[in-house]
Amino acid sequence: MILYEFVCSQCGHAFEEFQKASGEAVQCPECRSGQVKRLLSAVRCARSSGSSGASEPACAPGGFS
Ligand SMILES: [Zn+2]
C-alpha cells in the first residue's frame, strides 16, 4: 500500500492515509470534511525550491491548529 499525504481544504489539517481503493473518498480526521487535497506521495518536507510550493503546507508538523 502507498501512504498518501492529504491536506484538508476546510481546516488545513495535514494527515497521512493509506488509500484503499482508487477513487475512494478520504475524509479529514479532524473535521470530517471530504474537501481534502491529495499531495504527492512522500512529500515530507520536500523543499519546494521556488516552484510554487508556497501555497501548500507540506511541511506542517501536524500540530498546526
Ligand atoms: Zn479538516
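Strands here are DSSP runs of at least two residues, numbered from the N terminus. With that in hand, the fold of this predicted model is quick to read: going along the sequence, the pattern is β-β-β. There are three strands and zero helices in the chain. Of its 65 residues, 22% are buried. The chain exposes about 4900 Å², and carbon and sulfur atoms supply 50% of that area. As for contacts between residues at least 6 apart in sequence, 37% of them join residues at least 24 apart.

Which residues hold the zinc ion? Cys 8, Cys 11, Cys 28 and Cys 31 coordinate the zinc ion through their SG atoms, at 2.3 Å. Along the chain, these donors are spaced as C-x2-C-x16-C-x2-C. The four donor atoms make angles of 103 to 118 degrees, and the site is tetrahedral.

Is Cys 8 buried or exposed? Cys 8 has a relative accessible area of 3%, so it is buried. Cys 11, in contrast, comes out at 40% and is therefore partly exposed. Cys 11 sits in the loop between E1 and strand E2, the latter covering 14-18. Look for Cys 31 from there: the two residues are 20 apart along the chain, yet their C-alpha atoms are separated by 7.1 Å. If you set aside neighbours within four places in sequence, Cys 11 is in contact with Cys 28, Glu 30 and Cys 31.

Gly 12 and Val 36 are 24 residues apart along the chain, with 8.8 Å between their C-alpha atoms.

Now step into strand E2 and find Phe 15. At 8% relative accessibility, Phe 15 counts as buried, because buried means under 20%. What does Phe 15 touch, not counting residues up to four places away in sequence? The list runs through Tyr 4, Glu 5, Phe 6 and Cys 8, then Val 26, Gln 27, Cys 28 and Pro 29, and finally Val 36. Take Glu 5 from that list: Phe 15 and Glu 5 are 10 residues apart along the chain, and their C-alpha atoms are separated by 5.8 Å.

Further along comes Arg 32, in the loop between E2 and strand E3 (36-38). Its backbone is the thing to check: the phi of Arg 32 is near 65 degrees, a positive value in a residue other than glycine. That deserves a second glance because most residues other than glycine have a negative phi. Arg 32 has a relative accessible area of 60%, so Arg 32 is exposed.

Met 1 lies in the segment before strand E1, which covers 3-8. At 80% relative accessibility, Met 1 counts as exposed, since exposed means over 50%. Together with Leu 3 and Phe 18, Met 1 makes a nonpolar surface patch of about 340 Å².

How values were computed: Residues numbered from 1 in each chain as written. Predicted model: local features only at pLDDT ≥ 70, side-chain atom pairs only at ≥ 80, totals over all residues. Heavy atoms only, no water. Patch = residues over 30% accessible without salt bridge, like charges linked within 9 Å, V, L, I, M, F, W, Y side chains within 5 Å. Areas by Shrake-Rupley, 256 points an atom, 1.4 Å probe, with all protein chains shown as cover. Salt bridge = Lys/Arg side-chain N within 4 Å of Asp/Glu carboxyl O. Helix = DSSP H or I, 4+ residues; strand = E, 2+ residues; numbered from the N terminus. Buried < 20%, exposed > 50% of the residue type's maximum accessible area, 1.4 Å probe, protein only. Donors = N, O, S within 2.8 Å, 3.2 Å for Na, K, Ca; no water. Tetrahedral: all angles 85-135°; square planar, octahedral: opposite > 155°, others 65-115°. Contact = heavy atoms within 4.5 Å.
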